[in-house]
Amino acid sequence: MPPDMLSLLLQTVDEETGEPLSAQEIRDEIGIFLTAGHETTALGLTWAWLCLTQNPEVESRLQNELGQVLAGRTPSIADLAQLPYTQAVFEEALRLYPPVWGFSRRAVDDDTIDGYRIPAGARMMLSPYVTQRSQRYWEEPMLFRPERFLVGEEGSDQPEAYLPFGVGPRQCIGNRFALMEGVILLATIAQQVQMRRLDNEPVAATALTTLRPQQPVYLSTESRRM
Ligand code: HEM
């Protein structure tokens, strides 16, 4: 069988029962992979490119890394460790524009946080969008500065300050996959085309189920291989 996701799921055996997955379970796995894993990563890349077009010095440092490590070659998983700046660009885009801008938790017990009484059963909202732009954790939080992830600046390694994938036992199960996928796509596409904004209108973010640009972002692409 070809080594694709469907074949892997068809070969998977439930460790507890020794049974293969049912057709329904396989359908659910594929469904969640497409819904939870598609729009989130696509939006992360959309915001990353918007930030790159607004920050030419970041774009040129990214191109330097890609040129030195890949020299035009299509990246593979083995190249990821040599692409720290590319990863930092994706992480920084997920900081300023977390595709999942908020998620909730239910209080299991009565509690008091910062003087606020939280009754058992209350639903609490956490927002990566708010926290990841807070001066409490980040230096110059409104700047797109991937370097902060390279030097481990305050915030970047604090789970309560950087939580684009959520936090705790229910955090995103696709976390590592998404980073891998995002970095490989960024490296592959950025090597081939230069993107430019077609207008200079400010782009506001709008908090629907996911964090989307309020209006379409028009970019032109110019091949780098001409
Ligand atoms: C940049 C891309 C992604 C972002 C920003 C993202 C973000 C999140 C967030 C914030 C949560 C909720 C975590 C919580 O409540 O603490 C979540 C849950 C989840 N994500 Fe992702 N995700 C991404 C990519 C993916 C991918 C690629 C997959 C699958 C391949 C995936 C599958 C899931 C699943 C199954 C859950 C539910 C986990 C559970 O409730 O136990 N996500 N994601």
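This is a predicted model: local features need pLDDT of at least 70, side-chain atom pairs count only at pLDDT 80 or more; totals for chains, interfaces and linings use all residues.

Student: How many helices and strands does the protein have?

Tutor: There are 7 helices and 8 strands. Both are DSSP runs numbered from the N terminus: helices are H or I with at least four residues, strands are E with at least two. The C-alpha atoms fill a box of roughly 60 × 55 × 35 Å along the principal axes.

Student: And what share of the residues is buried?

Tutor: Of the 226 residues, 23% are buried. A residue is buried if 20 or more other C-beta atoms lie within 10 Å of its own, exposed if 12 or fewer, and partly exposed in between, with C-beta atoms placed from the backbone.

Student: Which residues have the most contacts inside the largest nonpolar core?

Tutor: They are W47, A48, V89, F90, A93, L186 and A187, in a core of 26 residues. Such a core is a set of buried Ala, Val, Leu, Ile, Met, Phe, Trp, Tyr and Cys residues joined through C-beta atoms within 7 Å. The elements giving two or more residues to this core are α2, α3, α4 and α7.

Student: Take α7. Which of its residues are buried?

Tutor: In α7 the buried ones are A178, G182, V183, L186, A187 and A190. Seen down the axis of α7, they fall within an arc of 155°, so they line one face of the helix. The arc is that of the directions from the helix axis to the C-beta atoms.

Student: What do those buried residues pack against?

Tutor: The buried residues of α7 pack against α2 (23-54), α3 (56-69) and α4 (84-96). As for A187, leaving aside neighbours within four places in sequence, A187 is in contact with L66, L70, P75, L83 and T86. Contact is when the C-beta atoms of two residues, placed from the backbone, lie within 7 Å.

Student: Now α3. Which residues are buried there, and which are exposed on the other side?

Tutor: V58, L62 and L66 are the buried residues in α3. Their arc, seen down the axis of α3, is within 70°, so they line one face of the helix. On the other side, P56, E57, S60, N64, G67 and Q68 are exposed. The cover over the buried residues of α3 includes α2, α4 and α7.

Student: Switching topic: which residues come nearest the ligand?

Tutor: G37, T40, G166, C172 and G174 do, of 23 residues around the ligand. A residue is near if its C-beta atom, placed from the backbone, lies within 6 Å. Two or more residues of this shell come from each of α2 and α7, and α2 gives the most, with 7 residues.

Terms used
Residues are numbered from 1 along each chain as its sequence is written.
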